[in-house]
Amino acid sequence: MRILLSFYCVILLVSCQSSVKSDFDLTLEVSSYPLDGAAYMIFDMPNHVNSDTLVSFDPNQRKVVKIPLLGGTPTERSLLFDFDMYPNTFYYINSDSLLFSTGDILFLTDQSGNQFHSVRLFKNLDAIKAEVYTEFPYDGFSDHLFYDESSQSVLYYFAKRSQVEKRKVFGKIDVRSGDWESLPIYHPKEYTGVPLNYTTFPSVTGTSNGLAYIYSISPTIVSYDAPSKSQKEILIKSFEGKQHAEPQTNRDTWSTSYFEEWVLSSPNYLKLIYDPYRKVYYRFSQSALNRSADGEDYYTFLVKNREVYLSILDEEFNLMYNQMLPKGKYDPTKSFVFSKGLWIPLELTTLEKEDGLYGDLFQIVK
């Protein structure tokens, strides 16, 4: 695949600060920014950023770890749960409330893990069954519960398998009452009449006035404006060549070798993040390799050779920056935003030790 020559000219350095400028007249400063914590806290456990603090939940040890992102000592709190199933996702609301999900129950606890409120996901779901797709509602599109503080609701994704009629793909449940509400958000028009099975999860990000999401198979960004209840779709290309991947329609019948070949030969849109501090969007995308692993370990080959692009867009989705990151260096799927900038962890398989959180800080220079 042919890459624009101007994207080859810069190498990002881990050990010292460097500046990267793209053809769109925006410069990034990149510097090493290790965090005081263990790698498993973001690579293996549900986590999210809350007020410049990385909060990670370890369901096996029943503890919550809080890592200050601006410096300071991590703290942890052991929890005492009173329920039958371990939670698989969580959200730190405030010092008085932690929100957890077991897959069919949402429950709130205090800082000790003592439960004081719960709602069942499926008790009132029939109220919107004619409005959304009928596949199981998934919170697994995110590392944590997608919690809307303004409405005290949790966002869920309704997958489309065999249905071809136009239905809504998101709904939210009130954590106080358990009542469901569907949101007027739909698949992009390019997938009208195309069944997408449950493996097609979106990457979702909250915005200043609603939310935006992408599918891994398409360069289209869907933006939803909550005040006007309107949706718009924006096609953003980050690289040349093949832009769309085959919809993941029949993955239940795929062999491992077929799936690996599908990944290597397909573009992949990995993650979308809205930055409320700088009012921009970051999107990570991966161009199709169109190469076979030829006997090499599949994952090692993928990490070493994939071409991952960082694209930055303003609030109107104008492309401000587009740059290929160094091959094999980062894992953008675990990246996040805080007040200082965009933090991208180093690829875990390339590290000699996993006793820390190693990553780089990307800061926009205007």
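How close do the axes of helix H2 (residues 256–264) and helix H3 (residues 298–305) come, and at what angle do they cross? In this predicted model, the two axes come within 11 Å and cross at roughly 5 degrees. Angles under 35 degrees count as roughly parallel, and H2 and H3 are therefore roughly parallel to each other. On the H2 side the contact is made by Glu260, Val263 and Leu264, and on the H3 side by Tyr298, Phe301 and Leu302. By class, five of the residues in this contact are nonpolar and one is charged, with no polar residue.

A search of the whole structure finds one cavity of 30 Å³ or more. The largest cavity has a volume of about 50 Å³. Its lining consists of Val303, Arg306, Val308, Leu325, Pro326, Lys327, Gly328, Lys329, Tyr330 and Pro332. Among these lining residues, Val303 falls within the residue range of helix H3 (residues 298–305).

Among the open sites, the second largest pocket holds about 240 Å³ of space. This pocket is lined by 16 residues, of which Lys166, Tyr186, His187, Lys189 and Thr192 are the closest to its centre. The lining of the second largest pocket divides by class into seven charged, five nonpolar and four polar residues.

Definitions and conventions. Residues are numbered from 1 along each chain as its sequence is written. This is a predicted model: local features need pLDDT of at least 70, side-chain atom pairs count only at pLDDT 80 or more; totals for chains, interfaces and linings use all residues. Side-chain values use heavy atoms; hydrogens and water are left out. On a 1 Å grid over the protein atoms alone, a cavity is a set of points where a 1.4 Å probe fits but cannot get out, and a pocket is an open set with protein on both sides within 12 Å along at least five of seven lines; lining residues have an atom within 4 Å of a point. Grid points are joined across faces, edges and corners, and a volume is the space filled by probe spheres set on the points. Axes are lines fitted to C-alpha atoms, for helices over the stretch in contact, and angles run from 0 to 180 degrees between N-to-C directions. Helices (H or I, at least four residues) and strands (E, at least two) are DSSP runs, numbered from the N terminus. Angles under 35 degrees count as roughly parallel, over 145 as roughly antiparallel, 65 to 115 as roughly perpendicular and the rest as oblique. Contact means heavy atoms within 4.5 Å. Ala, Val, Leu, Ile, Met, Phe, Trp, Tyr, Cys and Pro count as nonpolar, Asp, Glu, Lys and Arg as charged, and the others, Gly among them, as polar.
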